[in-house]
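Trainee: Before we go through this protein together, could you show me the sequence and the model?
Mentor: Here they are; please keep them open while we talk.

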Amino acid sequence: MHRVTVYCQSLWWALALLLLSVFATGASAKGLSTGWLTNPDHPPVQTRFVLTGEKDSNTKTLQGFLEVRLSGNWKTYWRSPGEGGIAPSMTWQDSENLTDIQWFWPHPDRFELLGIETLGYKNEVVFPMTLHVEDMDKPVALRAKLSLPTCTTVCVTTDYPFELTFTPAELTPSPEFLHTYAKGMNLVPKPSVEIKDLSASWDSATGKLQVSMSKASGWSAPDIIVDGNSDTVADYTFTQQALDIKDKTLTATFTVSSWLGEPVLDGETLSLTLGDKGFIAEHSITVGATALPSSTSAPIASIANIAKFVLFALLGGLILNIMPCVLPVLGMKLNTVIAAQGTEKRQIRRQFIASAAGILVSFWLIALFLTLLKLSGNAIGWGIQFQNPYFIGFMVLVTGVFAANMLGLFEIQLSSNTSTWLANRGDNSYQGHFAQGMFATLLATPCSAPFLGTAVAFALSTDVITLFAIFSALAMGMALPWLVVAAFPSLANALPKPGPWMNKVKLLFGIMMLATTLWLLTLLTSHIPMFLLLSICAVAGGLLLWRTTVVYGKKTALGLAAAIVVFAAVTLITVQGTDHLTPKTTSEELIWAPLSEQRITEAVSNGKTVFVDVTADWCITCKANKVGVLMQEPVYSRLQRPDIIPMQGDWTVPSESVTAYLQKYGRFGVPFNIVYGPAAPEGIPLPVILSEKAVMDAIDTAQGK
């Protein structure tokens with residue numbers, strides 16, 4: 001009986017293996033498939049590689065396709081992804097008896113997010129392919145890896161390795177696979193007999209491409225995509241400026257740009273992909289050199305767009321003068337104005353121009369630094385230097401020295417030889433004014449006013465020339481008060497005459513600068529252990545009080561000590577949640593989850609709403625948003641509801657993930673707030689300076705109310 005049982009079990013396993021072999025080889029008999037592949041780190045995407053079984057022995061080719069399924073709002077990209085994104089790619093060089101894989105691209109859809117247009121596919125896409133082999137009678141070992149970029153409001157590139165071993169001559173067609181392949185090929189644009197009189201002209205003087213063609217059945221709503229096959233043209237960006245239709249002839253004008261330098265299209269071959277209400281076609285055209293007539297209103301709109309951001313930058317730079325980061329430096333400047341009483345107009349003019357030049361040079365240096373980072377592919381951001389503890393420490397030292405000097409605790413005196421050397425080479429105060437301008441710029445960067453943030457984001461995402469134009473406008477706006485005084489020196493003489501009151505004003509400015517030093521010290525808590533920082537503060541405070549006692553007496557020293565204690569207490573209260581500043585809202589701090597793009601996607605798919613706050617301890621505007629809006633009713637209570645997840649990204653110290661997240665939305669500084677929800681899975685960005693209405697409306701919209 002035992003032998004019979006063992007025999008039956010062996011027979012059952014043999015039958016199971018036989019059935020498994022039949023299923024495995026059945027696919028090879030009628031097509032062949034890898035089956036659906038998924039990556040546990042990115043479940044919204046499925047993909048498979050399939051051979052239909054159709055072959056041509058004469059050309060030694062096989063039919064196949066790559067099928068991709070994307071859930072929700074995930075999308076992947078066309079061969080030329082547009083202004084953002086990366087095209088899917090596949091490597092197969094380790095394969096055997098395989099010479100080439102030809103990839104066909106279905107006509108893409110256009111997607112736009114935050115003004116950035118991309119080309120690609122949602123839901124499901126089939127990429128037909130043709131495999132070229134050396135010998136149809138020998139086995140083919142296909143070893144390939146698919147790199148598939150997919151995006152919603154976040155982007156992920158996932159690798160899918162797959163292997164297939166088969167003999168081409170033994171494959172037979174699969175009706176199911178042939179049907180899927182045919183659906184994919186029907187969406188691949190091909191040359192059409194309806195398109196005639198196709199021409200392309202390139203005007204190197206204006207950097208414009210003009211394409212003309214006629215369609216036998218006429219045009220309804222034409223869409224033209226221009227791209228190229230060569231490595232050079234692949235880096236070019238084609239932006240449509242004008243589209244004119246007369247009878248059955250269409251003329252389209254494109255501006256052509258490249259971050260690598262001036263584009264050249266003479267003799268290049270371009271691909272024109274056409275779409276027109278169900279009609280799709282693709283034609284290749286060789287570009288000829290021809291001078292084009294003056295363009296229409298589109299270039300004016302482009303110039304107007306740049307001019308708008310230049311105006312934003314000019315106004316943003318002007319606003320910087322009254323931001324809390326720069327306000328203490330204004331005290332230094334006003335003190336210099338007071339000291340300029342009695343000097344001649346020419347000297348006053350030069351001093352103020354020197355200060356403006358310091359601001360301008362600083363912004364140019366920042367623009368140059370950001371340009372180098374862009375060209376090297378590094379992450380960039382506005383105010384990012386305040387993530388560096390060495391920079392903050394240097395600024396603490398500089399502001400502390402300035403504060404002590406203005407408080408009269410010590411004076412910097414040069415040797416007689418040095419003074420003589422400087423006197424022979426010009427007035428030393430010019431260098432002082434120039435340094436003040438540069439110093440003000442360094443302190444200005446974490447203050448991201450709304451005009452400034454918009455202009456900086458535009459500058460960091462555009463070409464180098466426009467970037468320098470935007471930063472020059474920022475500098476001119478910030479230096480505008482000094483330029484006005486330089487143009488009209490009599491304004492300096494209109495200030496009150498020198499007198500004992502100057503010492504009191506100078507003392508006030510010194511206290512303001514000292515407050516800035518203490519604020520900068522609080523930023524070091526993210527980099528230096530608290531006990532070490534307190535020890536440094538204790539030593540510095542002791543020296544400060546000792547010197548104050550020597551210069552002003554014990555009474556003044558005690559007053560200064562009391563002021564420091566009050567300031568520290570207020571700062572501590574603010575950091576701990578500003579309990580006494582926001583009634584009924586700050587009995588306890590909001591509980592923020594750390595920023596996680598994966599958790600955002602999961603929460604939204606589960607019907608939750610996510611409020612994201614990207615902030616930094618050195619960002620004054622972030623603090624204002626928190627105290628003025630996020631910790632106030634009704635926003636505070638709304639963010640505490642169980643259906644809302646407050647999520648925070650901390651940019652106080654360098655974070656590659658937070659930097660990448662910001663740049664996906666065209667932002668290069670903080671604060672940045674965005675709301676996700678079932679009705680807005682791609683997010684609703686909020687203005688730089690928050691308001692109760694903006695936050696509440698965004699949450700309602702994201703929840704579909």
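Trainee: Is Arg79 buried, exposed or partly exposed?
Mentor: This is a predicted model, in which local features need pLDDT of at least 70 and side-chain atom pairs count only at pLDDT 80 or more, while totals for chains, interfaces and linings use all residues. Residues are numbered from 1 along each chain as its sequence is written, and side-chain values use heavy atoms, with hydrogens and water left out. Buried means under 20% relative accessible area and exposed over 50%, with partly exposed in between (1.4 Å probe, protein chains only). Because the relative accessibility of Arg79 is 22%, Arg79 counts as partly exposed.

Trainee: How far apart are the closest N and O atoms of Arg79 and Asp227?
Mentor: A salt bridge is a side-chain nitrogen of Lys or Arg within 4 Å of a carboxyl oxygen of Asp or Glu, and Arg79 forms one with Asp227. The pair links distant parts of the chain, 148 residues apart, with Arg79 in strand β5 (residues 75-82) and Asp227 in strand β15 (residues 223-228); helices (H or I, at least four residues) and strands (E, at least two) are DSSP runs, numbered from the N terminus. Asp227, at 5% relative accessibility, counts as buried. The closest N and O atoms of this pair are separated by 2.8 Å.

Trainee: Which residues are linked with Arg79 in a network of salt bridges?
Mentor: Arg79 also meets the side chain of Glu282 in a salt bridge, at 3.0 Å from N to O. That pair again joins distant parts of the chain, since Glu282 lies in strand β19 (residues 279-286), 203 residues from Arg79. Glu282 counts as buried because its relative accessibility is 17%. The residues linked with Arg79 in the network are Asp227 and Glu282.

Trainee: Which residue does Asp223 meet in a salt bridge?
Mentor: The N to O distance in this salt bridge is 2.8 Å, and the pair spans 113 residues, from Asp223 in strand β15 to its partner in strand β8 (residues 109-113). The partner of Asp223 is Arg110.

Trainee: Which residues of helix α15 are buried?
Mentor: Helix α15 covers residues 597-605, and the face turned away from its buried side carries the exposed residues Gln598 and Ser605. What covers the buried residues, counting as contact heavy atoms within 4.5 Å, includes β22 (609-615), β23 (644-650) and α18 (656-664). The buried residues of α15 are Ile600, Ala603 and Val604.

Trainee: Why do the buried residues of α15 line one face of the helix?
Mentor: The view to take is the one down the axis of α15, where the arc is that of the directions from the helix axis to the C-beta atoms. The buried residues line one face because they fall within an arc of 95°.

Trainee: Which residue in β14 stands opposite Ser199?
Mentor: Strand β13 (residues 195-203) and strand β14 (residues 208-215) pair in the antiparallel sense over seven bridges. Their hairpin has four residues between the strands, and Gly207 there takes a positive phi near 70°. Opposite Ser199 stands Ser212.

Trainee: How many helices and strands does the secondary structure of the protein come to?
Mentor: Buried residues make up 44% of the 705 residues in the protein. Among contacts between residues at least 6 apart in sequence, 73% join residues at least 24 apart. The secondary structure comes to 19 helices and 25 strands.

Notes: Pairing = 2+ DSSP bridges.
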